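Please look through the structure shown here before reading on. The questions that follow take its parts in turn, and each answer works towards a value or a name.

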Amino acid sequence: MLWNDIIYVLLLIVSIAIGPLYRKLEGPRAKQWTATLLGFALVVCVSGSSVIHPIITVLVNAVIITNLSWRKCHLVSLYFSFFYLLVIFRLGDYFGLPSPPTHTNLVVMILTLKLPGLAFEINSAATASPDDAQGVNSEALKKIDFMDVIHYSFSYMGVLTGPYYRYRTYWDSLHRPFSDYVDPWPLTYYKLKQITVFVVLFLVINRLFPSEYTQTVGFGEHCFLYRFFYMYPTFAGFRLRMFIGMALAECACQMSGLGAYPISCQPVPGLGPRDYKTIEKLSVECERIKKEEQNFETVHNMNVWEVEMSPFVRHTMKVWNTCIQYWMAVCIYKRFPYKGLRTVATLTLSALWHGYAAGYYFCICQVPLYLPFEDICIKFYNQCEEKGLGRKAWGFFLWWAKLTCMAYLGVPFQLQHFQEIIYFYKSLYFSGHILGLVAYLLLRVLKPYFLKRQKKDHKEE
């Protein structure tokens, strides 16, 4: 695993180093072909003969997107992409196909989102009103041909693991002038310094608190408190690993100029500018662009500070792998026909997207079990005085509860196998489940008395 991580990091560093040279290229055509050839070379480098899987995924989707009506291309693309990922690619060894390398899995995973995402953009553009502020029916989507799909799919920015970005964002990076008036190095340098610290911490924590140790006899011989608190540093190591990969991927996009937009247009992760009409106006006013402050929030995939400091699981999930969360929200959650099942359907698809390992389902699909407890806690938190001691106490309690919940569910994500997960939970006497249930029932009992008393007090005042 560590050797795979080293290769992955080195390839991302190469992608970052290419950025300044790429930005010097003149003309969208030259940039487009250069990015595609570089991206395809990276895919071949990590995949070898298994490069056939990304090629098939892209070619079939290109046929679907450019030949089917906007009314059904998004659904056909979605069903095909996930069928190929979940059946042909992941179960290929049952059909006598060789097992693909780990990094090919990451490539196919991001393609499984990007290509249906493009089809969903086409579908949305066809039904959007002309005066839509977000520019859903922008010029980027007026005419998309077969090669446009190929270029978007294999562009080296994010080809290995993301972040997910819309086709319009990719098109803007080629045809809009914003990247010519922004210097991505200061932000990239800041992130590279962060990454250096993360790497050192990861190596130390991974050495001292490996998740595999939870499966040993020695782990079981420690006292319960040691076993319980062991999950905190183990999960910290997992988070650091994710921070490193995602921050490097963001840097690769930034250095290429992809995702650069004026702050005044309110860019957000995944979507891009909320005010796209202003983007269209600014594109022809180069002198005005020079005065505009820009950022790369569109490809900002992981807000480390908010992930670590937010006391709420719901908010933490939104700022964790943010661009992927955007795709899940727009393409699955908001379009799922049964409102009551939207959360379950979205989380189940997210787990399937990650793979078949039991750990993904133990981690992702158990999150809704925690949310009712958090919802009650938030009511207690909100009724406290804004800067009072009560709200601070509830905030700290919610932060600890969130961290405990995510660590308790995060270790299975690392262990992956069902028997290992059950062994780990048995060693903790399923204390996370029990603690969560007891705390929820206790708050349910206290809620009507405490909240009613507060309402009465307000009326008396």
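The model is a predicted one.

Q: What span should the 26 residues of H5 have, and how far apart are its end C-alpha atoms?
A: The expected span is 1.5 Å times one less than the number of residues. For the 26 residues of H5 this rule gives 38 Å, and the model agrees with it, because the end C-alpha atoms are apart by 39 Å.

Q: Is Glu-121 buried or exposed?
A: Glu-121 has its place in helix H5. A residue counts as buried when its relative accessible area is under 20%. Since the relative accessibility of Glu-121 is 4%, the residue counts as buried.

Q: Which residues is Glu-121 in contact with, leaving aside its neighbours within four places in sequence?
A: Contact here means that heavy atoms lie within 4.5 Å. With the neighbours within four places in sequence left aside, the residues in contact with Glu-121 are Leu-141, Arg-166, Tyr-167 and Arg-168.

Q: How many Å apart in space are Glu-121 and Cys-331, C-alpha to C-alpha?
A: In sequence, Glu-121 and Cys-331 are 210 residues apart. In space, taken from C-alpha to C-alpha, the distance between Glu-121 and Cys-331 is 9.4 Å.

Q: Which residues is Ser-138 in contact with, beyond its neighbours within four places in sequence?
A: Ser-138 lies in the loop between H5 and H6. At 1% relative accessibility Ser-138 counts as buried. Leaving aside neighbours within four places in sequence, its contacts are Arg-168, Tyr-276 and Glu-280.

Q: Which helices do the buried residues of H16 pack against?
A: The buried residues of H16 are Arg-342, Ala-345, Thr-346, Leu-347, Leu-349, Ser-350, Ala-351 and Trp-353. The helices that these buried residues pack against are H4, H5, H14, H15, H17 and H18.

Q: Which residues is Thr-346 in contact with, leaving aside its neighbours within four places in sequence?
A: Thr-346 has its place in helix H16. Its relative accessible area is 11%, and Thr-346 is therefore buried. Neighbours within four places in sequence aside, Thr-346 is in contact with Met-328, Ile-332 and Tyr-333.

Q: How many residues apart in sequence are the parts that Lys-191 and Glu-250 tie together?
A: The side chains of Lys-191 and Glu-250 meet in a salt bridge, at 2.5 Å from N to O. Lys-191 is buried, with a relative accessible area of 9%, and Glu-250 is buried too, with 2%. Because Lys-191 lies in helix H8 and Glu-250 in helix H10, the pair ties together parts whose separation in sequence is 59 residues.

Q: Is Glu-308 buried or partly exposed?
A: Arg-239 forms a salt bridge with Glu-308, with the closest N and O atoms 2.8 Å apart. The pair links distant parts of the chain, since Arg-239 is in helix H10 and Glu-308 in helix H13. Arg-239 is buried, with a relative accessible area of 11%. The relative accessible area of Glu-308 is 23%, so this residue is partly exposed.

Q: Which helices give two or more residues to the nonpolar patch?
A: On the surface, Trp-33, Leu-37, Leu-59, Val-63, Phe-146 and Met-147 form a nonpolar patch, with about 520 Å² of accessible area together. The elements that give two or more residues to this patch are helices H2, H3 and H6.

Note on methods:
Residues are numbered from 1 along each chain as its sequence is written. This is a predicted model: local features need pLDDT of at least 70, side-chain atom pairs count only at pLDDT 80 or more; totals for chains, interfaces and linings use all residues. Side-chain values use heavy atoms; hydrogens and water are left out. Patches are made of residues with over 30% relative accessible area and no salt bridge: like charges are joined within 9 Å, nonpolar side chains (Val, Leu, Ile, Met, Phe, Trp, Tyr) within 5 Å. Accessible areas come from the Shrake-Rupley method with a 1.4 Å probe; for residues, only the protein chains shown count as cover. A salt bridge is a side-chain nitrogen of Lys or Arg within 4 Å of a carboxyl oxygen of Asp or Glu. Helices (H or I, at least four residues) and strands (E, at least two) are DSSP runs, numbered from the N terminus. Buried means under 20% relative accessible area, exposed over 50%, partly exposed in between (1.4 Å probe, protein chains only).
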